Amino acid sequence: MSMKTVHKNIPIFIPHLGCPNMCVFCNQRSISGKQSFSRQSVKHEIDAALSTIDKTAEVEIAYFGGSFTGIERELMIYLLELAKGYVDDIRSDRARVVGIRLSTRPDYIDGEIMDILSRYPIRTVELGLQSMDDGVLERSNRGHTALDAERACRLIKEQGYSLIGQMMIGLPGGTLQNELETAKKICDMGADGARIYPTVTFFDTELACMAQRGEYSMLSNEEAVSRAKEVYKLFCSRNVECIRIGLCASDNLGDLNKVMGGANHPALGELVIGEAYFDSMCLEIERIGRERVNGKTVCFGVPQGDVSKAIGQRGINRARLRERYGIKEVKVKESNNKNLTLTVLEH
């Protein structure tokens with residue numbers, strides 16, 4: 001059996017460079033933990049990261065944090081040339097750099113930008129869509145429209161790049177309904193993957209001021225999990241891989257001097273996926289009938305690597321299933337099936 005190739009990103013954060021717009025939720029220096037950027041340090045960061053990555057891995061150099069295609073042209077081309085040098089380097093003594101990944105805004109994707117990018121080994125473009133609802137975009141001071149996002153996605157896909165759509169939960173004016181519509185449109189626009197970011201309210205942002213004025217209700221962890229779960233399930237139903245839910249725990253989420261409130265649980269993604277699994281387990285039981293599992297031991301089969309996700313934090317899903325359906329014991333095992341399966345054990 002052939003081993004699956006491991007994919008790794010080497011993230012290079014460019015805090016707020018190239019973005020004159022100030023979205024109400026944005027404080028990139030707080031989110032990335034970087035206060036400044038030095039082009040001289042980039043090569044060192046890449047080399048240091050490569051020294052820790054298994055030689056069999058495939059690597060993308062990923063320019064995150066700012067709006068990469070909006071930065072000064074000379075700097076953008078310098079960074080693209082630097083990354084290209086690693087792709088062209090075929091030495092066998094380190095992990096193979098296979099391409100470049102970048103994140104940017106929809107209004108910084110146009111024909112000229114795509115012409116520049118076409119000269120370099122770009123593999124993936126992550127697009128900060130946030131919402132496909134013009135009212136939400138306006139209240140969030142995004143500076144672009146949903147139509148701009150559609151055009152950008154079309155150009156990216158026409159170029160043959162992998163498209164990752166980033167969206168947010170709990171923006172001003174955001175509702176579960178328009179968040180599900182955003183997810184549907186991301187799928188319809190051909191996204192190969194998605195990130196879901198429930199909103200965290202950082203100090204020194206307009207969103208914090210809006211909350212203080214009573215114009216915005218900060219998203220609780222519970223509400224974030226409930227809404228992100230439905231969006232996550234929609235992506236799964238459309239076979240669009242969700243590669244991230246919530247900010248990383250390292251993104252200053254625990255710093256009370258930086259975070260005013262919002263969806264700042266460090267394991268938010270695990271909570272969301274656990275809740276989605278619970279819903280799916282309940283559906284499987286209802287499909288075969290509650291009476292068949294009452295007093296019995298049941299075994300759920302889940303894809304490889306998903307046992308802990310299906311069980312939920314501290315085994316909460318097992319406990320809830322036993323209580324709801326009178327199940328004697330709940331077992332969860334890995335299977336080769338990509339979908340959840342349910343077996344009722346008679347003993």
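**Pockets, sheets and a buried strand**

The largest pocket holds about 2000 Å³ of space. A pocket here is an open set of points on a 1 Å grid over the protein atoms alone, with protein on both sides within 12 Å along at least five of seven lines, and a lining residue has an atom within 4 Å of a point. Grid points are joined across faces, edges and corners, and the volume is the space filled by probe spheres set on the points. The model is a predicted one, in which local features need pLDDT of at least 70 and side-chain atom pairs count only at pLDDT 80 or more, while totals for chains, interfaces and linings use all residues. Residues are numbered from 1 along each chain as its sequence is written, and side-chain values use heavy atoms, with hydrogens and water left out.

The lining of this largest pocket consists of 50 residues, and Tyr232, Glu241, Cys242, Asp306 and Lys309 are the ones nearest its centre. Two or more lining residues come from each of strand 1 (7–13), strand 4 (122–130), strand 5, strand 6 (193–198), helix 9 (221–237), strand 8 (241–245) and helix 10 (268–288). Helices (H or I, at least four residues) and strands (E, at least two) are DSSP runs, numbered from the N terminus. Helix 10 makes the biggest contribution to the pocket lining, with eight residues. Sorted by class, the lining of the pocket has 19 nonpolar, 17 polar and 14 charged residues; Ala, Val, Leu, Ile, Met, Phe, Trp, Tyr, Cys and Pro count as nonpolar, Asp, Glu, Lys and Arg as charged, and the others, Gly among them, as polar.

Several of these strands belong to an open, parallel sheet of seven strands, in the order 1-2-3-4-5-6-8. Strand 1 and strand 8 are its edge strands, each pairing on one side only. Two strands are taken to pair if DSSP finds at least two bridges between them. From one strand to the next, the twist of this sheet averages 25°. Within the sheet, strand 5 and strand 6 run parallel and are joined by six bridges, with Gln166 opposite Arg195 in strand 6. Helix 2 (residues 42–50) packs on the sheet and touches strand 1, strand 2 (58–64) and strand 3 (96–104), its direction making about 155° with that of strand 1. Contact means heavy atoms within 4.5 Å. Axes are lines fitted to C-alpha atoms, for helices over the stretch in contact, and angles run from 0 to 180 degrees between N-to-C directions. Helix 6 (residues 146–158) lies across strand 4 and strand 5, at about 170° to strand 4.

A search of the whole structure finds one cavity of 30 Å³ or more, a cavity being a set of points where a 1.4 Å probe fits but cannot get out. The largest cavity has a volume of about 40 Å³. Its lining is made of Gln130, Ser131, Val136, Met167, Met168, Leu171, Gly174, Asn178, Glu179 and Thr182. Strand 5 (162–169) and helix 7 (176–188) are the elements that give two or more residues to this lining, and the largest share, three residues, comes from helix 7. The classes in the cavity lining are four nonpolar, five polar and one charged.

A second open sheet has three strands in the order 11-10-12, with mixed pairing. Strand 11 (329–334) and strand 12 (341–345) each have a single partner strand and stand at the edges, so one side of each has no neighbour in the sheet. The twist in this sheet averages 25° from one strand to the next. Strand 10 (residues 297–302) pairs with strand 11 in the parallel sense over six bridges, and with strand 12 in the antiparallel sense over five bridges. Phe300 stands opposite Val332 in strand 11. Gly301 faces Lys333 in strand 11 and Thr341 in strand 12. Helix 13 (residues 316–325) lies across strand 10 and strand 11, running at about 140° to strand 11.

Six of the six residues of strand 10 are buried, so this strand is largely enclosed by the rest of the structure. Buried means under 20% relative accessible area, exposed over 50% and partly exposed in between (1.4 Å probe, protein chains only). In a regular strand, side chains alternate between the two faces of the sheet. In strand 10, Thr297, Cys299 and Gly301 point one way, and Val298, Phe300 and Val302 the other. By contrast, Ser308 has 55% relative accessibility and counts as exposed; Ser308 lies in helix 12 (residues 307–311).
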